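The following exercises ask the reader to examine a protein chain by working from single residues to the whole fold. Each task is followed by a solution in steps.

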Amino acid sequence: MPAPVAPALRGRASGAARGTPAEALLVEREGNGIVLGKRRSTHPSILDALEDPKLEVEAECDLHGQTAREAEREVLRFVRDSQREGKRWVLIIVGKGLHSPDGKGALKTNVVEALSQRSPARFVLGFRTAPRHLGGTGALALRLVDRL
């Protein structure tokens with residue numbers, strides 16, 4: 001007979017099984033292309049660090065040339081593996097869409113949605129458009145949750 005699951009974990013596990021996080025991230029968009037995603041509990045100092053021009057990341061994931069479906073799978077793999085390895089500050093390169101048929105990047109919108117509302121969100125404490133030295137509007141800097 002399997003061990004009973006605590007009520008707090010039961011909801012979390014069922015959400016993960018459906019591909020939704022236990023807590024969706026709130027997303028704010030500014031007119032200049034800056035995007036910010038955070039949990040309600042994320043301390044403002046973490047959000048400040050994400051835009052620090054001295055921010056150093058521990059891992060990068062480049063999504064150039066991938067379809068939206070491929071990119072979402074890669075984002076989940078990347079944030080899950082990075083979090084398990086104890087990495088906290090990571091970068092996802094989505095590109096600016098300069099080579100897209102319409103000149104607009106489609107991946108950024110899909111990645112933001114995945115990071116804030118789907119399975120990858122359970123590993124993310126907050127994210128923001130990267131500082132200029134890390135790619136600016138063509139990348140997202142993330143702060144991952146500590147090991148689960």
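Predicted model: local features only at pLDDT ≥ 70, side-chain atom pairs only at ≥ 80, totals over all residues.

**Exercise 1.** Determine how the side chains of aspartate 146 and arginine 143 meet, and state whether each residue is buried, partly exposed or exposed.

*Solution.* Step 1. The two side chains meet in a salt bridge, with 3.7 Å from N to O; a salt bridge is a side-chain nitrogen of Lys or Arg within 4 Å of a carboxyl oxygen of Asp or Glu.
Step 1. Accessibility is judged with a 1.4 Å probe and protein chains only: buried means under 20% relative accessible area, exposed over 50%, and partly exposed in between. Arginine 143, at 8%, is buried, whereas aspartate 146, at 41%, is partly exposed.

Residues are numbered from 1 along each chain as its sequence is written, and side-chain values use heavy atoms, with hydrogens and water left out.

**Exercise 2.** State how many helices and strands the chain has, and in which order the elements run.

*Solution.* Step 1. Helices (H or I, at least four residues) and strands (E, at least two) are DSSP runs, numbered from the N terminus.
Step 1. The chain has four helices and six strands.
Step 2. Read from the N terminus, the order is α-β-β-α-β-α-β-α-β-β.

**Exercise 3.** Describe the order of the strands in the sheet and identify those that stand at its edges.

*Solution.* Step 1. Two strands pair if DSSP finds at least two bridges between them. The six strands form an open sheet with mixed pairing, in the order 1-2-5-6-4-3.
Step 1. Strand 1 and strand 3 stand at the edges with a single partner strand each, so one side of each has no neighbour in the sheet.
Step 2. On average, neighbouring strands are turned by 20° against each other, direction ignored. Such angles are taken between axes, which are lines fitted to C-alpha atoms (for helices over the stretch in contact); angles run from 0 to 180 degrees between N-to-C directions.
Step 3. Strand 6 is antiparallel to strand 4, over five bridges, and also to strand 5, again over five bridges. Alanine 141 of strand 6 is the bridge partner of leucine 91, and arginine 143 of strand 6 is that of glycine 126.

**Exercise 4.** Decide whether the two faces of strand 6 are covered or open.

*Solution.* Step 1. In a regular strand, side chains alternate between the two faces of the sheet.
Step 1. One side of strand 6 carries Ala139, Ala141 and Arg143, and the other carries Leu140, Leu142 and Leu144; all are buried.

**Exercise 5.** Name the members of the largest nonpolar core that touch the most other members.

*Solution.* Step 1. A nonpolar core is a set of buried Ala, Val, Leu, Ile, Met, Phe, Trp, Tyr and Cys residues joined through side-chain atoms within 4.5 Å.
Step 1. The largest core has 23 residues, and Leu63, Val79, Ile92, Leu115 and Leu142 touch the most other members.
Step 2. Strand 3 (59-62), helix 3, strand 4 (89-93), helix 4, strand 5 and strand 6 (139-144) each give two or more residues to this core.
Step 3. Apart from this core lies another, of ten residues, among them Leu50, Leu91, Ala139 and Ala141.

**Exercise 6.** Identify which parts of the chain are linked by the salt bridges of lysine 38 with glutamate 28 and of glutamate 72 with arginine 118.

*Solution.* Step 1. In the pair of lysine 38 and glutamate 28, the closest N and O atoms are 3.6 Å apart. Lysine 38 lies in strand 2 (residues 35-38) and glutamate 28 in strand 1 (residues 26-29), so the pair ties together parts that are ten residues apart in sequence.
Step 1. Lysine 38 is partly exposed at 22%, and glutamate 28 is partly exposed at 41%.
Step 2. Glutamate 72 and arginine 118 meet at 2.7 Å, N to O. This pair links helix 3 (residues 68-84) with the loop between helix 4 (107-117) and strand 5 (124-129), the two residues being 46 residues apart.
Step 3. The count for the chain comes to eleven salt bridges.
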